Amino acid sequence: MTRPRLRIALPWLQPALAEAVASGTLPVLESLAWLGGRGHLRTATGVAWRDWLLEPLGGTVPLQAAPAGPALATRHGQPVDGAGSWCVAHPVHLAAGLDHVRMGALEAAQPDTEEAAALAATVNAHFGAEGPAAMAFIGDAWLLRFNAVVECATQPPDAVVGHDVHDAMPSGRDGARVRSLMNEIQMLLHEHPVNARRERARQRPINGWWLWGFGVRAQVPLAPTHGWSLRGDDAWLRSLWAESGAPEASAPQGNTLLTMSRPPAAEPAQALALIDAGLLRSLATRVRNGEFVRLELLAGDRELTITPAARWAFWRRPSDVSGWLE
């Protein structure tokens with residue numbers, strides 16, 4: 001039987017390692033160290049993790065043809081055949097520093113169903129029939145519809161977490177308009193009753209909506225016969241996959257693309273311990289058993305490649321965590 005190829009994206013892993021090292025809370029990571037020692041670590045500079053994951057299927061081409069807004073709108077039964085645009089409005093917590101504004105962890109700014117409805121009602125009432133409208137809350141973000149076409153280049157929020165948001169603000173023909181809209185929404189949310197309640201409950205206020213994934217419609221560029229299956233938690237990729245008719249695996253089987261876009265716990269040390277004892281331990285076992293023809297793992301800007309010869313490289317020592325942070 002042909003051994004499969006497995007390609008995995010864990011975009012949060014490298015930042016979690018850096019934070020745990022800086023805070024002195026780094027747990028023992030036996031599986032990560034073993035895998036790093038048996039494979040080849042290199043820098044994958046300038047590659048967005050979704051593009052990297054889809055490289056065997058055309059890289060950026062599928063994502064450019066199916067931007068997140070209309071792709072997710074189609075997936076959730078919203079009509080996308082009109083003249084307007086769609087985007088994703090992600091709830092975020094923005095923390096102001098002396099000379100920058102930094103985006104906090106996305107998990108800390110997740111509203112419950114009641115909070116999501118209240119925030120959307122405020123935004124919709126403010127902008128009225130002529131402005132953008134929050135049409136649906138799809139688990140962790142709103143689908144936002146514009147009456148007119150919006151041409152704007154954006155960054156997904158997971159790429160901005162922990163960074164100065166000014167370096168990743170919307171750009172392009174309508175970039176200034178979208179930036180102004182985001183600022184206006186920030187002012188609406190500043191003293192919103194939802195945030196007052198969250199602060200009393202010692203939760204991070206949702207003081208911004210990050211708008212991204214603008215587009216008019218999603219053209220499905222993937223063929224269902226490309227020989228790969230998908231397994232993971234990323235809504236954008238899953239919507240693209242579903243519309244293409246390609247299989248979505250419940251467990252890795254055959255050539256598989258696997259993503260865990262969010263950490264399994266809010267605290268970096270706990271998230272690292274869980275991933276090491278779970279997924280990474282399972283991968284190490286499967287490498288030892290020679291189950292893969294090729295295993296590729298992306299963590300931040302570090303890419304690990306392991307081939308079948310790794311199971312016999314007994315002289316290779318486990319890697320130090322610094323190898324994942326260079």
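In this predicted model, a salt bridge (a side-chain nitrogen of Lys or Arg within 4 Å of a carboxyl oxygen of Asp or Glu) is formed between E115 and R198, whose closest N and O atoms are 3.1 Å apart. Because E115 lies in helix α6 (residues 113-127) and R198 in helix α8 (residues 193-200), the pair ties together parts that are 83 residues apart in sequence; helices (H or I, at least four residues) and strands (E, at least two) are DSSP runs, numbered from the N terminus. Both E115 and R198 are buried, where buried means under 20% relative accessible area, exposed over 50%, and partly exposed in between (1.4 Å probe, protein chains only). As the model is predicted, local features need pLDDT of at least 70 and side-chain atom pairs count only at pLDDT 80 or more, whereas totals for chains, interfaces and linings use all residues. Residues are numbered from 1 along each chain as its sequence is written, and side-chain values use heavy atoms, with hydrogens and water left out.

Twelve salt bridges are found in a search of the whole structure. Another of them joins the side chains of R50 and D234 (2.8 Å, N to O); since R50 belongs to helix α3 and D234 to the loop between β9 (229-232) and α9, this pair ties together parts that are 184 residues apart in sequence. R50 counts as buried at 6% relative accessibility, and D234 is buried with a relative accessible area of 6%. The side chains of R262 and D140 also meet in a salt bridge (3.1 Å, N to O), a pair that links distant parts of the chain, with R262 in the loop between β10 (256-259) and α10 and D140 in the loop between β6 (133-137) and β7 (142-146), 122 residues apart. R262 counts as partly exposed at 22% relative accessibility, as does D140 at 23%.

Pockets and cavities were then examined. On a 1 Å grid over the protein atoms alone, a cavity is a set of points where a 1.4 Å probe fits but cannot get out, and a pocket is an open set with protein on both sides within 12 Å along at least five of seven lines, lining residues having an atom within 4 Å of a point. Grid points are joined across faces, edges and corners, and a volume is the space filled by probe spheres set on the points.

The largest pocket holds about 1600 Å³ of space; it is lined by 50 residues, of which P11, D158, A159, V161 and H163 are the closest to its centre. Two or more lining residues come from each of α1, α3 (49-53), α4 (60-65), β8 (208-215) and α10 (268-288), and α1 gives the most, with four residues.

The second largest pocket has a volume of about 250 Å³. Among its 18 lining residues, H90, D140, D234, A235 and R262 lie nearest its centre, and at least two residues of the lining are supplied by each of β3 (85-92) and α9 (235-244).

One cavity of 30 Å³ or more is found in the whole structure. The largest cavity contains about 50 Å³ of space and is lined by V287, G290, F292, L295, I306, T307, P308 and R311.
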